[in-house]
Amino acid sequence: MSASHLGAMPQPSPLDDPESAAFAWGRYRRIMRLMSWISLFTVALVLVYLWVTLPGLPIHFYIATGLGVGASMLLMSTLMGLVFMSNGTGHDESVTDSHDRRG
């Protein structure tokens with residue numbers, strides 16, 4: 001095998017360091033805790049709004065709406081939290097592209 005087809009060695013991720021990883025995951029858990037409370041508050045506001053503006057809806061509508069709004073908000077905050085963690089720790093910079101022909 002020639003060395004020309006071998007890419008650059010990948011750089012170690014900052015998340016490989018236990019201290020750095022513990023800090024990053026702790027910050028991620030705090031973000032998720034905050035977003036869980038915000039999601040719960042938003043679901044409550046949506047359900048109260050529906051109850052006031054559209055009286056007489058079946059209970060199944062409220063259940064489905066609450067689960068849909070809550071699950072959507074939690075999924076979005078989970079994914080965005082992971083993006084923030086990956087970028088904030090420098091993990092993104094440690095990834096190398098083996099198809100990059102510039103270097």
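Author: A contact means heavy atoms within 4.5 Å. This is a predicted model: local features need pLDDT of at least 70, side-chain atom pairs count only at pLDDT 80 or more, and totals for chains, interfaces and linings use all residues. Residues are numbered from 1 along each chain as its sequence is written, and side-chain values use heavy atoms, leaving out hydrogens and water.

Reader: What share of contacts between residues at least 6 apart in sequence joins residues at least 24 apart?

Author: Take the protein chain, which has two helices and zero strands. Helices (H or I, at least four residues) and strands (E, at least two) are DSSP runs, numbered from the N terminus. Of those contacts, the share is 69%.

Reader: Which helix is part of the cover over the buried residues of α1?

Author: Buried means under 20% relative accessible area, exposed over 50%, partly exposed in between (1.4 Å probe, protein chains only). In α1, the buried residues include Y28, M32 and V43. Their cover includes α2.

Reader: Which helix gives the most to the nonpolar patch?

Author: W25, L75, L79 and L82 form this surface patch, with about 370 Å² of accessible area together (Shrake-Rupley method, 1.4 Å probe; for residues, only the protein chains shown count as cover). With three residues, the top giver is helix α2.

Reader: Is L75 buried or exposed?

Author: L75 sits in helix α2. Its relative accessible area is 53%, so L75 is exposed.

How values were computed
Patch = residues over 30% accessible without salt bridge, like charges linked within 9 Å, V, L, I, M, F, W, Y side chains within 5 Å. Salt bridge = Lys/Arg side-chain N within 4 Å of Asp/Glu carboxyl O.
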